[in-house]
Amino acid sequence: MERILMVAAEGLPFIKSGGLADVIGSLPNEFKARGYDVRVVMPLYKKIAINWHDKFTYLRTYTVNINYEETQVNLFYYIYHDVTYYFIEHQGYFEREAMYGYDDDGERFAFFQKAVLEMLNQIDYFPEIMHCHDWHTGMIAAMCKENFNHDYRYRGIKHVYTIHNLAYQGNFGADMLESCLGLGNYVFDNGNVRFDGGISFMKAGIVYSDKITTVSPSYAQEIKTTQFGERMDAVLRFREADLCGVVNGIDTNMWNPETDSLITKNYTFKTYKKGKAENKKALQEKLGLNVDENVMMISLVSRLTWQKGIYLIIEQLFNICNQPIQLVILGSGEAGLEEKLREAEWGNRGKVCFYCGYNEALSHEIYAASDLFLMPSLFEPCGISQLISMRYGTLPLVRETGGLRDTVQPYNQYTQEGCGFSFANYNSNDMMHVLWEAIDLYYNNSAAWKGIVKNAMEKDVSWAQSAEFYLGIYRELCGE
Ligand code: ADP
Ligand code: GLC
């Protein structure tokens, strides 16, 4: 096995809305470093066009059939850190303000997937492994196996499908099956892609791929239950022999407090106290918080959605703000949540800062300046933020779910083990108890706190192990 093609809807350094982009921006480098021919393909969104287009090389133009019309695809490529990235351009479909959330998302990503499959023929590049990510790419294996099976070049491809978040499924009306995907109605009739009277890209990915992975072992178990299965649990149980969890890593070069050029003061574990104090003061000045290097800074960098457990924080805002701490929140999302956080800031000037929006550079400053990172998610397939936090010596306080359970070992006062704090039930009082303990430890037992920071900063959050695990899956599929 030599050739791996990753197919995804987003990836760094080109575009990011969440952890998927972190994964697509870092995992391929691991394969490249181990000598594999790894390539990535994604849509050419407006934001990518504005920032990168003049660096890209035009490759060719071809067509795919959408709504019974030949629709033009412009293919570009760019080599970044030795990995080849292909970009599928269609101005009408992708050069819009947002990446997702349009009424025609089904048609847009049907186009993308068809364009990817035809790309292989156009550039005569056939990978042994196609590794697809999330619902936007769920139909690739289905179309490949149903429509291209007569062609040995496509038939030889093995399909790996990674579920980053089962809550987003790409469910659409069945009418697009033939018009957009070119699939016969029999795949609806036999149930392969049918879901709720329509079709589901996510279900197709689960049914047709040779191997299904998700981003942590705990989430791989959880999604087989009705509680976390998002009504896909029966299909997942059906495929459980081919389902496994591989925990995410992060790009430890990009996320490195020792070299990060976006933070005020670089630091290592040996210098973390001084380093954090300087980063804290700079951030306090920047955000209009009271300048005090000794105050405990608690932060949250997140999409503001129901998944992330923000409600628990809002329920306890009064209690949290009564503590001798500062609270910094960076994120955007549900309007109701944003409103509550704005109110918290107004009522606690100098103590609470809510920065509404997406800001990559500011996120680095927050990870570096903070002491504690809140992540009380309702569910969390893996989570990237807690991994970054630990790398920066910012102790995560998490709910024991999915990847949070698998990556944050809670502090044990008897053995001094652990790299963060955790609570089990989705209940804000339970969260608050652990938060009180953490605040107490921070102010009254600095030796213990320092020990946890050491454990966190020394924890291996790189891709080293997981990249090998993926390669093992690829090799096994290829019969090696
Ligand atoms: P999810 O993918 O579910 O949003 P993850 O924890 O896997 O959650 O990944 C979130 C990623 O997005 C992290 O790299 C985090 O730093 C980043 N992020 C989230 N919200 C923001 C924001 N408002 N500004 C900058 N970065 C953000
Ligand atoms: C999803 C999940 C998150 C995970 C990320 C990358 O966005 O919500 O938990 O870390 O994908 O796999």
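1. Axes are lines fitted to C-alpha atoms, for helices over the stretch in contact, with angles from 0 to 180 degrees between N-to-C directions; contact itself means heavy atoms within 4.5 Å.

2. A word on the basis: this is a predicted model, in which local features need pLDDT of at least 70 and side-chain atom pairs count only at pLDDT 80 or more, while totals for chains, interfaces and linings use all residues. Residues are numbered from 1 along each chain as its sequence is written, chains are lettered from A and ligands numbered from 1 in the order in which they are written, and side-chain values use heavy atoms, leaving out hydrogens and water.

3. Strand 8 is joined to strand 10 (residues 198-200) by 2 bridges, and Asn-171 stands opposite Ser-200 in strand 10.

4. Next, a hairpin. Strand 3 (residues 57-66) and strand 4 (residues 69-80) pair in the antiparallel sense over 9 bridges, with Gln-72 in strand 4 as the bridge partner of Thr-63. There are 2 residues between the strands, and Asn-67 in the turn has a positive phi of about 55°.

5. Now the helix pair. Helix 4 (residues 105-123) packs against helix 5 (residues 140-147) at an angle of about 55°, with the axes 10 Å apart. The two helices are therefore oblique to each other, the class left after under 35 degrees (roughly parallel), over 145 (roughly antiparallel) and 65 to 115 (roughly perpendicular). Gln-113, Lys-114, Val-116 and Leu-117 in helix 4 meet Ile-140, Met-143 and Cys-144 in helix 5. The residues of this contact divide into 5 nonpolar, 1 polar and 1 charged.

6. Finally, the domains. The domain assignment gives domain 1 (3-249 + 464-477) and domain 2 (269-458), with bounds from an automatic or database assignment. Their C-alpha centres lie 33 Å apart, and 20 residues of domain 1 are in contact with 18 residues of domain 2.

Technical notes. Pairing = 2+ DSSP bridges. Helix = DSSP H or I, 4+ residues; strand = E, 2+ residues; numbered from the N terminus. Nonpolar A, V, L, I, M, F, W, Y, C, P; charged D, E, K, R; others polar.
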